[in-house]
Structures are given as structure tokens and as C-alpha cells.
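Welcome, and please open the model in your viewer.

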Amino acid sequence: MSGLRSLLNRRSFLRVFSLSAIAWLWPKKSAGTINFQNNKNIPANYVQNRDVPGFYIRSANPFLGVSAQEWGLAVGGMVKTPAAFGYEDLFGFPMVSQVSRLKCVECWSAKAKWEGFRFQELVDRVQPDPKAKYVTFKSADSYYESYALEELLRPRVLMVLRMNDQPLSKDHGFPLRLIAPFKYGYKNVKYITQITFTDTRSRNYWADYGPYSIDGTIQPGIDHPLDYEKKPLPINGGEVFHFFDPRPASPKTRQ
Amino acid sequence: MRWQRFLLLLLLSFWISTCSDNNVEQISVQVPAHIKVPEGMVYIPEGEFIYGHAEDPKTALGQKVFLNAYLIDRYELSRGEYKKFRADVPIAPGKKKLPVTLVAFEEAREYCRSEGKRLPTEQEWEKAARGPAGGKWPWGSYQPHPNNGFSGFLPEPVDKRQEWISPYGVYGMGHNVWEWTSDDWDYNGMPGSEKEKYKVIRGGLYQSHLKIDFSPTWARNFMEPSARYNFIGFRCAKDVK
């Protein structure tokens with residue numbers, strides 16, 4: 001009994017208790033603190049490249065993200081009626097949603113439900129000159145991208161405000177991003193601040209700073225979907241659908 | 001000494017060229033006297049060829065198939081040629097010889113019709129690419145990758161790679177654009193829900209950064225007929241009468 005009493009004396013109890021409390025309170029290496037940063041030299045609160053399981057984050061220029069109060073969208077260039085929009089204004093457009101993959105040029109892809117409005121809504125509002133065959137996007141992080149107008153009017157292209165039933169997170173492009181599922185991820189510009197209609201095609205960020213094409217159409221080849229443990233699967237080119245992905249209805253070849 | 005070194009280099013280059021197995025033996029085809037082969041087309045004689053490959057379950061597995069004689073375009077259709085049909089399609093200066101792209105299946109078919117031709121069937125396309133002996137590469141041997149590291153598609157003039165010629169003398173069968181064929185996409189075990197939704201495309205992308213595995217003559221791909229992409233073009237074929 002005397003041995004047990006010495007084990008349970010006040011001093012040893014306090015020692016065990018304090019050590020347990022310290023261990024419990026000590027910051028753990030949780031997802032919240034690691035944040036899956038690919039570059040630990042960038043402040044953790046910056047939008048940046050992160051290999052978040054399920055959906056990697058890619059952002060060319062690290063920055064703090066966009067404040068809805070300070071954000072605005074300017075749409076102009078060769079148009080009849082230039083327009084400016086606040087965040088709430090965009091919810092006045094008819095909303096549509098779709099499930100589609102974002103296919104990165106780095107070979108992975110990830111799937112999400114995207115919700116937003118068609119580019120046609122902006123076209124109807126600003127009425128571009130018939131000679132304006134191209135569109136340039138600018139982002140809050142100095143990124144820029146270009147498209148042929150015809151491509152932006154294709155059925156699966158969406159100006160996105162919500163992702164997986166939530167407002168876009170700052171990592172995924174809050175407040176407004178483009179989803180063009182037949183283009184590589186770098187064409188799916190985020191944090192859009194300016195849209196300009198032009199009669200000549202401008203270059204894009206990754207054609208100027210990397211070995212990526214201006215066009216950015218997804219080529220036939222191999223994909224490593226994050227929701228399939230990155231196992232290699234063949235893709236036929238254009239929008240990526242794997243055997244486990246439901247496809248939108250399409251007309252039959254014989255009618 | 002200098003001329004000896006030059007001679008040595010010259011002889012060495014001759015020797016290297018004789019070692020190359022990139023030459024594709026051309027099949028000597030006798031065109032029947034009553035058949036006039038239009039300019040820019042190649043006569044493919046009737047006979048069997050090896051269709052598909054046993055290692056690729058989505059092909060015809062290497063069975064022998066007999067085809068009647070037919071004609072097929074020697075080159076993929078160029079933008080310059082397509083411009084004659086569709087004046088509204090813009091062509092950048094100096095790009096006339098590049099293969100036409102961004103054409104949907106129906107547009108390709110319409111063009112061929114306007115020329116008194118049609119799109120080739122998948123079997124016709126494959127026979128023209130590999131010849132009757134069932135070659136893996138249209139041009140006879142594997143070639144090193146010419147464009148590693150670029151994300152996009154870089155088309156080349158349709159007649160640029162004269163060394164990449166099929167045994168029947170057809171070009172562009174393993175590189176440049178994928179090509180529309182007239183056939184629906186189909187394979188053994190294909191779910192009924194997928195039937196009649198897609199068209200077969202064949203050929204291409206040898207010069208892209210993506211997998212060279214797509215270039216064997218039996219490699220198949222598919223696409224929604226409404227698709228217009230920068231990597232899809234076409235060539236035409238014609239019946240022999």
C-alpha cells in the first residue's frame with residue numbers, strides 16, 4: 001500500500017496531469033495547420049498551390065484573395081453598352097448547374113458541381129460588336145486568359161459563383177470564375193475582375209510564362225483522376241468523362 | 001587531313017542512312033486501266049488486311065477483313081482547300097497548308113459530298129494506314145518524339161513529313177490531326193446507352209506531348225459528332241466504279 005500511495009501522491013498526480021494537459025493542448029499537425037501548402041515559404045493565408053486531397057488548388061500568383069465588398073466586374077471593349085457588376089448583381093442572372101471535371105495540364109482531374117450563369121447572359125447585356133470575335137479575362141491576381149467568343153457560348157461553359165452547393169471559396173476563385181470543361185485547368189480563370197471583347201486574340205498568362213498553348217483544348221491522352229486514386233485512365237480529348245462519370249444527354253448519331 | 005576527315009564523315013553518314021529502317025516499302029499497285037485516279041487521291045486495291053490488334057480489346061483484334069477497292073485522299077484536307085468550300089472560315093496568313101480543324105462531323109461529311117466523295121469508313125482508313133501486312137506504324141518504324149513538353153496541339157502542313165508515308169503512299173495517318181470516319185463508335189461489350197452517340201476518329205497526335213501509344217495504326221478514338229476541336233480534321237474517300 002505504501003508503494004501505491006507514493007505513486008499516487010500529490011506531486012506525481014500533478015506531474016501526470018500537467019503532462020497530459022500539455023500533450024492535449026499542444027498544436028497538432030492537423031489539416032488546418034499544414035494546409036497542404038506546396039511552398040512553405042508563402043504565408044499560409046495566401047491563395048496558392050495546395051495539393052488538397054480530392055481537389056488540388058492551383059493559383060499562378062499567390063495573393064490574399066478577394067473581398068466581396070471591394071470586388072467589381074467590368075465588362076467592356078468592343079461592346080455597345082459596357083457594364084459593371086457587383087457580386088450580388090450576378091445572382092440576378094438565371095442560374096444553372098452542372099457536374100464537370102477540371103482537368104489540369106499536370107495530368108490530374110477533379111470533379112465538382114458548379115453553379116452559375118451562361119456567358120450568353122453577359123453578351124446579351126453588353127451587346128458586342130459583330131467584329132468582336134475574342135474575349136480577354138483579367139483576374140484579381142494579375143492572371144489573364146483569352147478565348148474565342150464562340151467557345152464561351154458552348155453549352156457546357158459556365159460563369160461560376162458556387163461550387164458543391166457553397167459559394168466559391170477563395171481558393172477556387174471567389175467571387176467569380178470560368179469553367180470551360182473542354183479546356184485545361186489553366187484556361188478556367190479564377191477571381192475574374194475584367195472581361196473585354198476584342199477583334200484580335202490576345203495571349204494568355206501561361207503561353208507567356210510556361211510551355212502551355214493559348215488554345216488549351218484538352219488533348220486525347222491519359223488522365224489521373226483524384227477521385228480514382230490517380231490511376232491512369234485514357235481520355236478521348238475535349239471534356240473529360242471517365243467510365244464512372246455520368247455524361248450529359250447528347251443526340252444520337254442517327255436521327 | 002581535313003579532306004580525309006570530311007570523307008570519313010561523308011562515308012559515316014552514308015552508313016548511318018543505310019542502317020535506318022524508317023523507309024517504308026511502297027506497295028506497287030496496279031491500277032486497272034478503266035479507273036481514273038483523281039489528283040490527290042490514292043487507289044487502294046481490293047483484298048484482305050489485318051484489322052485491329054489482339055492486345056487492344058476495343059479493336060477488331062487482328063482479324064482479316066476483305067475490302068473492295070477504293071480511293072482515299074493522299075493528305076489530310078488542308079485549310080486552304082476547305083476555304084474554297086467555306087469562304088467564311090478565316091485562315092491566318094501562312095496557314096493554308098495546315099490541316100483543317102474545328103469542323104464537326106456533319107461539316108466534314110458535307111465537304112466530302114460537295115467533292116463527289118464521302119468520309120472513309122474506319123476499315124478503309126486503317127487499311128490505307130497499315131497496308132495488307134498489318135504494320136504497327138504507318139511509316140514502318142517507331143519514331144522519336146518530336147514535341148515533348150508542350151501542352152497544346154501543333155499542327156503541321158499536311159505534306160510536311162514526306163518520310164512518314166504509309167505502304168500505300170498515304171500521308172498523315174499517324175500524326176497531325178485525328179480524322180473523322182463515317183463509322184459509329186462501337187466495341188465488344190459496349191453498353192447500349194453509348195451506342196450511336198459517338199463517331200470513330202482515327203490517326204493523329206504524334207507530335208503532341210501526350211502518349212505516343214495513340215499512334216499505332218489500330219488505335220481507335222471516339223468523339224461526339226458535334227465536337228469541334230483543334231485536333232480533329234478529316235480526309236475524304238471515294239468508291240471505285
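**First stop: a pair of strands in chain B**

Select S1 and strand S4 (residues 70-73) of chain B: these two run antiparallel and are joined by 4 bridges. Helices (H or I, at least four residues) and strands (E, at least two) are DSSP runs, numbered from the N terminus, and two strands pair if DSSP finds at least two bridges between them. Now pick B:Ile44, and you will find B:Tyr70 of S4(B) opposite.

Before moving on, please note that this is a predicted model, in which local features need pLDDT of at least 70 and side-chain atom pairs count only at pLDDT 80 or more, while totals for chains, interfaces and linings use all residues. Residues are numbered from 1 along each chain as its sequence is written, and chains are lettered from A and ligands numbered from 1 in the order in which they are written.

**Helix H3 of chain B**

Which residues of H3(B) are buried? Colour B:Phe105, B:Ala108, B:Arg109, B:Tyr111 and B:Cys112 to see them. A residue is buried if 20 or more other C-beta atoms, placed from the backbone, lie within 10 Å of its own, exposed if 12 or fewer, and partly exposed in between. Look down the axis of H3(B): the buried residues fall within an arc of 160°, so they line one face of the helix. The arc is taken over the directions from the helix axis to the C-beta atoms.

Turn to the other side of H3(B), where B:Glu106, B:Arg113 and B:Ser114 are exposed. Helix H2 (79-85), S5 and S6 of chain B are among what covers the buried residues of H3(B). After H3(B) comes B:Gly116, with a positive phi near 70°.

**Into the cores**

Now select B:Val42, B:Ile72, B:Ala108, B:Ala128, B:Val170 and B:Ile232, which touch the most other members of the largest nonpolar core, a set of 46 residues. A nonpolar core joins buried Ala, Val, Leu, Ile, Met, Phe, Trp, Tyr and Cys residues through C-beta atoms within 7 Å. Setting aside neighbours within four places in sequence, B:Ala108 is in contact (C-beta atoms, placed from the backbone, within 7 Å) with B:Val103, B:Leu119, B:Trp180 and B:Phe234. A second, separate core has 39 residues, including A:Tyr134, A:Leu158, A:Phe182 and A:Val189.

**Last stop: a hairpin in chain A**

Stay with A:Tyr134, whose bridge partner in S6(A) is A:Ala148. Here strand S5 (residues 134-139) and strand S6 (residues 144-148) of chain A run antiparallel, joined by 5 bridges. They form a hairpin with 4 residues between them, and A:Ser142 in the turn has a positive phi of about 70°.

Finally, zoom out: chain A has 6 helices and 12 strands, and chain B has 4 helices and 9 strands.

Definitions and conventions: Contact = placed C-beta atoms within 7 Å.
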